[in-house]
Amino acid sequence: MKVGDIMSTNPQYIGPDEFVTHAREIMREYNYESLPVVENGRVVGMVTLQDIINVTSTRSDVTVTGYMRLTVPALSPETGLAKAASVIIGTDEGRVPVVNGNGRLVGMLSVKDIFKGLAELELEDVSVGSLMTREVVVCRPEDSVSKAWLNMINYGLTGFPVVGPKGEVIGMITREDVLKRGYARIERESEGRRTPTTVQKIMSTPAITVKEDDSVKKAAKIFMERDIGRVPVVKNGKLAGIIDRYDVIRACRALQGVATG
């Protein structure tokens with residue numbers, strides 16, 4: 001399997017002289033974490049939601065040029081799946097541009113796309129507990145959405161578990177939950193002038209979880225069937241860690257010893 005078999009075509013992109021607020025609107029609409037910056041058909045950089053999320057609508061004259069990342073990896077449609085997976089898990093943009101021999105943008109490849117080839121990448125049958133992150137950023141149902149949102153920005157996360165007083169997982173809140181409902185803009189630009197919206201009003205329930213001793217293959221199946229990017233890990237009914245798509249891909253045999261350069 002090659003990149004050209006699984007990439008998304010006709011990708012959304014932004015020009016370097018376009019406004020940051022426009023880039024943010026595109027990312028909100030399509031739930032993207034990043035956008036390629038294209039000039040004269042060629043990829044000249046990437047802009048991420050993490051980089052521009054604090055630019056408010058009152059600064060409408062700010063262009064993408066000052067916020068884009070100039071050094072970004074690119075793949076060819078002919079790149080093999082294992083090499084592509086290694087490149088993607090080495091970035092924090094979540095997606096990588098795919099260019100033809102002339103350097104022109106022809107598609108985008110995401111960590112989600114890599115899951116289409118998990119069988120070929122030979123996912124090892126290891127436990128979730130051996131791959132999960134144990135230090136987990138969480139929030140409480142009574143926390144304000146603005147507090148949760150700021151934590152997403154500060155920690156560079158797309159979501160985290162909502163836990164109860166005994167450490168039990170009762171839900172999840174994601175960047176998409178906040179953006180789709182317009183709370184990122186409202187909470188940031190009108191903070192202090194309205195009653196704060198609490199996490200429990202927009203979080204997803206019930207929580208989808210896995211156990212420490214579950215196989216990573218079970219977690220991978222949940223990601224694909226539920227179209228989610230991370231799952232809390234529980235032990236004795238309490239939060240023990242979290243596992244995401246990147247963790248799963250790292251457990252593939254085909255990636256061992258693959259160079260990213």
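In this predicted model, P232 stands opposite I242 in strand 10. Strand 10 covers residues 238-244 and runs antiparallel to strand 9, to which six bridges join it. Two residues lie between the strands of this hairpin, where N236 takes a positive phi near 55°.

Strand 9 also pairs with strand 8 (residues 210-211), in the parallel sense and over two bridges. Here K211 stands opposite V234 of strand 9. Five of the six residues of strand 9 (residues 230-235) are buried, so the strand is largely enclosed by the rest of the structure.

The whole structure holds 11 salt bridges. Three of them are listed below.

| Salt bridge | N to O distance |
|---|---|
| E78 and K2 | 2.8 Å |
| D113 and K116 | 3.4 Å |
| R230 and D244 | 3.8 Å |

E78 and K2 form a salt bridge. The pair links distant parts of the chain, 76 residues apart: E78 is in the loop between helix 3 (49-52) and helix 4 (81-88), and K2 is in the segment before helix 1 (3-6). E78 is exposed, with a relative accessible area of 53%, while K2 is partly exposed at 39%.

In the salt bridge of D113 with K116, D113 counts as buried at 10% relative accessibility and K116 counts as exposed at 53%.

R230 forms a salt bridge with D244. This pair joins strand 9, which holds R230, to strand 10, which holds D244, 14 residues apart. R230 counts as buried at 17% relative accessibility, and D244 is buried with a relative accessible area of 15%. Salt bridges with shared partners also join K112, D227 and R245 into one network.

Terms used: Residues numbered from 1 in each chain as written. Predicted model: local features only at pLDDT ≥ 70, side-chain atom pairs only at ≥ 80, totals over all residues. Heavy atoms only, no water. Buried < 20%, exposed > 50% of the residue type's maximum accessible area, 1.4 Å probe, protein only. Helix = DSSP H or I, 4+ residues; strand = E, 2+ residues; numbered from the N terminus. Pairing = 2+ DSSP bridges. Salt bridge = Lys/Arg side-chain N within 4 Å of Asp/Glu carboxyl O.
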